[in-house]
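User: I have a model open and want to know what stands behind the labels. Please take my questions one at a time.

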Amino acid sequence: MIRACVKLLANGIALTAVAPAVLVFLGATYLMGRQSAFPGWSQAVSLVPGFTGVYFRRAFYKLVLPRCGDDACISFGTVFSHPTVTIGHTTYIGVFCVIGDVDLGDDVVIASHVSIMNGSNQHGIGRLDIPVREQPGDWPRITIGKDTWIGDRAVIMADVGEHCVIGAGSVVTKPIPNYAIAVGTPARIVRFRTGETSDSTTVSPNSCSQKPASETIASP
Ligand SMILES: CC(C)(COP(=O)(O)OP(=O)(O)OC[C@H]1O[C@@H](n2cnc3c(N)ncnc32)[C@H](O)[C@@H]1OP(=O)(O)O)[C@@H](O)C(=O)NCCC(=O)NCCS
C-alpha cells in the first residue's frame with residue numbers, strides 16, 4: 001500500500017516534471033512535424049540516468065506516444081525513431097536499444113543492445129546508377145507479441161509472436177510464431193514453449209499465430 005502510494009506520487013511528480021519538455025516537443029512538432037521532432041527528444045530523454053530516468057521517460061512517452069503502459073520501463077540510452085511506437089503494460093526495455101516503428105505488447109522483456117527495425121529492405125538495392133540511400137524501400141510496422149522475451153543484442157527485422165523467446169545475439173529475418181524459441185543467425189526455431197515440435201502449428205490468435213510454423217520460419 002505504501003509502496004503503491006510512493007509510486008503514484010513519483011509518477012505524478014514525473015508527469016509534472018516532463019510537462020515543460022512535452023510542451024517544447026509539441027512546439028517543435030508544430031514547426032517541423034512530429035516525425036522530424038521526435039527522434040531528438042527520444043535521444044534527449046534517454047540520457048537521464050537511474051530511477052529518475054525510468055520515471056521521466058515513462059511520463060514523457062505516456063504523454064507523447066499513442067500508448068505507453070503503466071509500469072513500462074525504458075532504460076538508459078534506449079531510443080525510439082518513430083513517434084508511432086506503442087509500449088505495453090509492464091513491458092521492460094533494457095539499455096541502449098534502438099527501436100523503430102513497432103508495437104510492443106504487454107509484459108514484453110527486451111534485453112540490452114537490441115535493435116528492432118522495420119523489416120530488412122529500408123533501401124532498394126536494385127539500381128546501380130543511383131546510390132542505395134536514394135532508392136526507396138519498405139518500412140513494414142513490426143509487432144512483438146505479449147510476454148515475449150528478446151535476448152541481449154538480438155536484431156529483429158520481422159514480427160515476433162506472443163510468448164516467444166529470441167536467443168541472445170539472434171537475427172530474426174522472418175516472422176516467428178507464438179510460443180517459439182528461436183536462436184541464431186538467421187534465427188531458427190529450436191522448440192516451442194508448449195512442448196510442440198518446431199513444425200507444429202501455433203495455438204493462439206495474433207498476427208503471427210495464424211500461420212503454421214512452416215509458413216513463417218524453417219526449423220533447423
Ligand atoms: C534461448 C535461451 C533462452 C535458451 O533457450 P532453450 O530452449 O533453453 O535452449 P537450449 O539452451 O536448450 O539450447 C538449444 C540449442 O540452441 C543453442 N542456443 C541457445 N541459445 C542460443 C543463442 N542465443 N544463439 C545461438 N544458439 C543458441 C544451444 O547451443 C543449443 O544448441 P544444440 O542443440 O546444438 O546444443 C538462451 O540461450 C538465451 O539466449 N537467453 C537470453 C539471455 C539474455 O539475453 N539475457 C539478457 C538479460 S534479460
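User: What covers the buried residues of α1?

Analyst: This is a predicted model. In it, the cover over the buried residues of α1 includes α2 (34–46) and α3 (50–64). The buried residues in question are Ala14, Val18 and Phe25.

User: What makes the span of α1 close to the expected one?

Analyst: Helix α1 covers residues 2–32, which is 31 residues. From first C-alpha to last it reaches 44 Å, and 45 Å is expected at 1.5 Å a residue. The two values are close.

User: Where does α1 bend, and by how much?

Analyst: The bend is at alanine 19 and comes to about 40°. The figure is the angle between axes fitted to the seven residues ending there and the seven starting there. Proline 20 follows within four residues of the bend. After the helix comes glycine 33, with a positive phi near 90°.

User: Why is aspartate 107 called partly exposed?

Analyst: A residue needs 20 or more C-beta neighbours within 10 Å to be buried, and 12 or fewer to be exposed. Aspartate 107 has 19 inside 10 Å, so it counts as partly exposed. Aspartate 107 is in the loop between β7 and β8 (109–110).

User: Which residues is aspartate 107 in contact with, leaving aside neighbours within four places in sequence?

Analyst: Those residues are Gly88, Thr90, Thr91, Lys146 and Asp147. A contact requires C-beta atoms within 7 Å. As for tyrosine 92, 15 residues from aspartate 107 along the chain, the C-alpha atoms of the two are separated by 7.2 Å.

User: Why do β1 and β10 stand at the edges?

Analyst: The open sheet has four strands in the order β1-β4-β7-β10, paired in parallel. β1 (67–68) and β10 (142–144) each have a single partner strand, so one side of each is left without a neighbour in the sheet.

User: In what sense do β15 and β16 pair, and over how many bridges?

Analyst: Strand β15 (residues 180–183) and strand β16 (residues 188–192) pair in the antiparallel sense over four bridges. Alanine 182 stands opposite isoleucine 189 in β16. Four residues lie between the strands of this hairpin, in which glycine 184 takes a positive phi near 95°.

How values were computed:
Residues are numbered from 1 along each chain as its sequence is written. This is a predicted model: local features need pLDDT of at least 70, side-chain atom pairs count only at pLDDT 80 or more; totals for chains, interfaces and linings use all residues. Helices (H or I, at least four residues) and strands (E, at least two) are DSSP runs, numbered from the N terminus. The expected span of a helix is 1.5 Å times one less than its number of residues. Two residues are in contact if their C-beta atoms, placed from the backbone, lie within 7 Å. Two strands pair if DSSP finds at least two bridges between them.
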